[in-house]
Amino acid sequence: MKTRAAITGVGGYVPEYILTNAELETMVDTNDQWIRERTGIAERRLLKDGRATSDMAVAAIQDLMAKKALDPKEIELIICATVSPDHVFPATANIIADKIGATNAWGFDLEAACSGFLFALQTGSKFVEAGTHKKVLVIGADMMSSIIDYEDRNTCILFGDGAGVVLLEPDTAGNGIMDAILKSDGSGAPYLHMKAGGSKNPASQETVKNRHHYAYQEGRTVFKFAVKGMADVVEEIMVKNGLTGDDIRYMVPHQANKRIIDAAARRAGLPDEKVMLNIHKYGNTTAATIPLCLWEWEHELKKEDQLILTAFGGGFTWGSVFLRWAY
Ligand code: UT7
């Protein structure tokens with residue numbers, strides 16, 4: 001049977017500090033009811049004490065390695081999806097490899113904002129399918145608190161910090177990643193981006209003064225594109241693979257807004273109990289939302305369960321992945 005890349009283990013980490021809606025009420029002009037009704041978020045986790053994205057990824061990998069009794073020297077490739085790398089360079093994947101002792105691995109970062117984990121999963125799966133790599137780590141990790149303006153109520157209520165990781169290994173039993181549909185549209189860039197810090201607007205006193213090193217979002221516009229983009233791409237992958245809602249054990253959506261998730265689930269014909277949802281606890285952790293869902297629901301998943309993963313985010317980037325759980 002065809003060799004596919006299967007997820008054979010999951011690890012996760014969220015920081016201890018809980019930023020509640022009540023605390024946000026003391027920081028910006030907002031209120032708990034508005035945040036809950038418009039987004040579904042009640043609290044999110046924040047990383048403190050000078051730690052960085054790689055530290056959360058390492059904690060998630062340690063969780064995975066303990067469960068799998070995995071020797072870091074066996075890992076061949078590390079792909080880290082993030083928009084909040086430790087540094088512009090070198091890649092956070094390299095820093096992670098060093099910290100966990102993955103001395104036989106090469107690695108790189110991949111940036112596709114909220115769709116980063118899906119883009120990285122599809123990329124990693126190709127190395128496994130090609131037969132060149134047998135143990136690949138795919139990480140989604142973001143310390144959004146490092147790029148969020150806690151004076152901007154449009155964005156600071158939405159985001160949190162966290163990291164998730166999956167191990168990809170070859171599968172010849174008919175499970176693993178079955179299909180993926182991924183999309184990009186750069187004309188969406190103005191609606192969700194960071195204005196400065198890249199080669200177009202390098203850091204200067206001016207960019208700092210203008211608060212241009214934070215995530216900027218036109219929420220209403222992104223919301224409209226996200227509802228349509230996510231629902232369309234979920235429908236597309238289900239039709240392409242002859243799936244109905246009855247065939248799906250869980251939809252695993254990027255956690256940006258509960259209303260976006262509900263719209264995609266309705267279109268896919270999926271009741272609430274078939275939708276992984278933890279946005280109320282963690283908010284939007286960008287590349288980490290999907291692996292953090294898999295981490296939380298891992299104990300409920302059974303071999304051959306069919307899952308649809310889906311995301312929409314900055315870029316714009318969006319997509320869906322159809323997979324069959326392998327353990
Ligand atoms: O993961 C990456 C992709 N990102 C997303 O998918 C996010 C997509 N966008 C969204 O989730 C939503 O657009 C938001 C949650 C960001 C905003 O919700 P909305 O229903 O689109 O609200 P809005 O921006 O249309 O604002 C409605 C009202 C405005 O007041 P007026 O103009 O009607 O008087 C805002 O000023 O709510 C006001 N508002 C707030 N009020 C209390 C905006 N932010 C807040 C706030 N607290 N934090």
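Helices here are DSSP runs of at least four residues, numbered from the N terminus. The model on screen is predicted.

**Stop 1: Arg-153**

Select residues 153-156, which make up helix H6 and include Arg-153. Colour Arg-153 by accessibility: the residue counts as partly exposed because its relative accessibility is 45%. Now show what surrounds Arg-153. Leaving aside residues up to four places away in sequence, Arg-153 touches Val-28 and Asp-29.

**Stop 2: helices H8 and H9**

Next select residues 219-240 for H8 and residues 258-268 for H9. Two packed helices are described by the angle between their axes and the distance between the axes. For H8 and H9 the angle is about 30 degrees and the axes lie 9 Å apart. Angles under 35 degrees count as roughly parallel, and H8 and H9 are therefore roughly parallel to each other. The crossing of H8 past H9 is right-handed.

Show side chains on both sides of the contact. From H8, pick Phe-223, Ala-226, Val-227, Lys-228, Met-230, Ala-231, Asp-232, Val-234, Glu-235 and Met-238; from H9, pick Arg-259, Ile-260, Ala-263, Ala-264, Arg-267 and Ala-268. Colouring the contact residues of H8 and H9 by class gives 11 nonpolar, 5 charged and no polar.

**Stop 3**

Which ring pairs with Phe-225? The partner is Phe-316, in a tilted pair with 5.0 Å centre to centre and 40 degrees between the planes.

Then select Phe-312 and Trp-318, another tilted aromatic pair, with 5.6 Å centre to centre and 40 degrees between the planes. Phe-312 counts as buried at 5% relative accessibility, and Trp-318 is buried too, with a relative accessible area of 16%.

The structure as a whole holds 8 aromatic pairs.

Key:
Residues are numbered from 1 along each chain as its sequence is written. This is a predicted model: local features need pLDDT of at least 70, side-chain atom pairs count only at pLDDT 80 or more; totals for chains, interfaces and linings use all residues. Side-chain values use heavy atoms; hydrogens and water are left out. Axes are lines fitted to C-alpha atoms, for helices over the stretch in contact, and angles run from 0 to 180 degrees between N-to-C directions. Helices (H or I, at least four residues) and strands (E, at least two) are DSSP runs, numbered from the N terminus. Angles under 35 degrees count as roughly parallel, over 145 as roughly antiparallel, 65 to 115 as roughly perpendicular and the rest as oblique. A crossing is left-handed if the near helix is turned anticlockwise from the far one by less than a right angle, and right-handed if clockwise. Contact means heavy atoms within 4.5 Å. Ala, Val, Leu, Ile, Met, Phe, Trp, Tyr, Cys and Pro count as nonpolar, Asp, Glu, Lys and Arg as charged, and the others, Gly among them, as polar. Rings of Phe, Tyr and Trp (its six-membered ring) pair if their centres lie within 6.5 Å; planes under 30 degrees apart count as stacked, over 60 as edge-to-face and the rest as tilted. Buried means under 20% relative accessible area, exposed over 50%, partly exposed in between (1.4 Å probe, protein chains only).
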